[in-house]
Amino acid sequence: MRILVAEDDEALGGFVRRGLEAEHYVVDVSCNGEQVRSLAQDVPYDLLLLDLSLPQLDGVAVLRQVRVRKPSLPVLVLSARCRVEERVQCLDFGADDFLAKPFAFAELSARIRALLRRCHTTNETVLQVGDLKLDRLGRVVERAGQRIDLTVKEFALLEYLMKNAGRRITRSMIAEHVWSLSFDTASNLVDVYIAYLRRKIDCVEPQLIHTVRGVGYMLTMGGRA
Amino acid sequence: MKVIDHEDSGKLSAPGLVPAMLHEISQPLTTMRCSLEISLMDPKDQRLQRQSIEQALKDTERVIAMLEELRVILGA
């Protein structure tokens with residue numbers, strides 16, 4: 001699951017990123033309203049955490065503009081503006097939930113899980129390819145009924161491959177999605193993590209992660225990539 | 001800016017001051033609370049714990065500075 005955190009306080013954005021990454025989410029942080037609007041409209045995020053006090057474009061304006069292009073993107077508004085009329089305005093402009101500052105990280109995390117549960121059907125939250133199963137919300141991976149422990153990045157990589165099962169995925173797509181990095185910076189990381197995943201996932205037959213020569217990788221039940 | 005009388009003390013404060021202060025004080029408290037909570041999620045990560053403590057100190061200073069401003073405004 002990929003989350004965009006829009007927070008003008010860099011320190012808070014950084015800590016929220018650490019906390020959410022520890023819970024297996026892929027996280028991008030932006031402290032600029034214009035950039036948030038553009039990212040939220042162009043990148044397939046699963047959820048937007050939106051602080052209202054953003055420079056360049058206010059959070060409420062971001063919310064209104066994002067809603068036009070992404071009517072079903074779950075949006076959780078974070079704000080120290082906690083008057084009833086402000087909450088009502090945000091909800092009327094399309095926010096799905098509102099959390100007042102100072103919030104506890106545990107509550108933020110629980111509200112994210114609740115929103116994702118509400119916005120995704122079981123088909124979308126549990127990915128399955130053959131005997132490999134990944135529960136995106138429960139963050140559990142099993143192959144042939146055996147639970148497999150994955151690190152945060154291994155989980156994010158496998159989730160991305162399974163969401164795109166049967167499709168050829170380039171190394172740069174993986175680098176950008178899982179690490180939010182350019183291919184030049186992350187090309188070695190991608191290959192290293194694919195090797196880690198293969199050791200854990202493909203230690204039984206049939207092999208699911210296939211190398212697509214000159215392109216990248218594909219996860220599929222069929223042997224041919 | 002016109003001010004509002006405080007019934008008991010006779011001191012003065014700007015209209016909207018309390019909501020503005022609440023808003024301002026919420027930010028460092030959120031950062032402090034989240035950073036400390038998140039540092040407890042991985043007790044082995046000493047670097048993260050140090051960052052959280054340093055952040056908590058910075059945020060404490062911000063809150064103290066706001067309280068000082070409030071004292072000056074209220075003449076307390």
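How many residues of chain B and of chain A take part in the contact between them? The contact takes 18 residues from chain B and 19 residues from chain A, where contact means heavy atoms within 4.5 Å.

## Basis of the report

This is a predicted model, in which local features need pLDDT of at least 70, side-chain atom pairs count only at pLDDT 80 or more, and totals for chains, interfaces and linings use all residues. Residues are numbered from 1 along each chain as its sequence is written, chains are lettered from A and ligands numbered from 1 in the order in which they are written, and side-chain values use heavy atoms, with hydrogens and water left out.

## The interface between chain B and chain A

The size of an interface is often given as the accessible area lost when the parts come together. Here, chain B and chain A bury about 1600 Å² between them, 64% of it on carbon and sulfur atoms; buried area is the accessible area (1.4 Å probe) that two parts lose on being put together, summed over both. Within chain B, the residues that lose the most area to chain A are His23(B), Gln27(B) and Ile38(B), which together account for 29% of what that side buries.

Between the two chains there are 2 salt bridges, a salt bridge being a side-chain nitrogen of Lys or Arg within 4 Å of a carboxyl oxygen of Asp or Glu. Arg62(B) and Asp9(A) form a salt bridge through their side chains, at 3.6 Å from N to O. The count of residue pairs in polar contact between chain B and chain A is 7, with both residues at pLDDT 80 or more. A polar contact is a pair of N or O atoms within 3.5 Å; within protein, one must be able to donate a hydrogen and the other to accept it, and residues adjacent in sequence count only if both atoms are side-chain atoms.

On the side of chain B that touches chain A, α1 (17–41) and α2 (46–74) of chain B each supply at least two residues. Helices (H or I, at least four residues) and strands (E, at least two) are DSSP runs, numbered from the N terminus. The largest share of this side, 12 residues, comes from α1(B).

Arg2(A) is found in strand β1 (residues 2–6) of chain A. Is Arg2(A) buried or exposed? With a relative accessible area of 3%, Arg2(A) is buried; the classes are buried under 20% relative accessible area, exposed over 50%, and partly exposed in between (1.4 Å probe, protein chains only).

The side chain of Arg2(A) makes a polar contact of 2.9 Å with the side chain of Asp28(A), and the side chain of Arg2(A) also reaches the backbone oxygen of Glu176(A) at 3.5 Å. Arg2(A), Asp28(A) and Glu176(A) are linked in a network of salt bridges.

## Salt bridges within the chains

Side chains of opposite charge can pair when their charged atoms come close. Over all chains, the structure holds 23 salt bridges. One of them joins Glu159(A) to Arg136(A), with the closest N and O atoms 2.7 Å apart. Glu159(A) lies in helix α7 (residues 152–163) of chain A and Arg136(A) in the loop between β7 (132–135) and β8 (140–143) of chain A, so this pair ties together parts that are 23 residues apart in sequence. Glu159(A) is buried at 3% relative accessibility, and Arg136(A) is buried at 5%.

A salt bridge of 2.8 Å, N to O, joins the side chains of Lys200(A) and Glu154(A). This pair links distant parts of the chain, with Lys200(A) in helix α9 and Glu154(A) in helix α7 of chain A, 46 residues apart. Lys200(A) is partly exposed, at 30%, whereas Glu154(A) is buried, at 4%.

In chain B, the side chains of Arg50(B) and Glu54(B) form a salt bridge at 3.1 Å, N to O. These residues are separated by about one helical turn because they are 4 residues apart in helix α2 of chain B.

## An aromatic cluster in chain A

Trp179(A), Tyr193(A) and Tyr196(A) form one aromatic cluster. Rings of Phe, Tyr and Trp (its six-membered ring) pair if their centres lie within 6.5 Å; planes under 30 degrees apart count as stacked, over 60 as edge-to-face and the rest as tilted. The whole structure has 2 aromatic pairs over all chains. Trp179(A) and Tyr193(A) form an edge-to-face pair, at 5.2 Å centre to centre and 70 degrees between the planes. Trp179(A) lies in helix α8 (residues 171–179) and Tyr193(A) in helix α9 (residues 183–201) of chain A, 14 residues apart.

The rings of Tyr193(A) and Tyr196(A) have centres 5.2 Å apart and planes at 75 degrees, so this pair is edge-to-face. Trp179(A) is buried at 13%, Tyr193(A) is buried at 19%, and Tyr196(A) is partly exposed at 32%.
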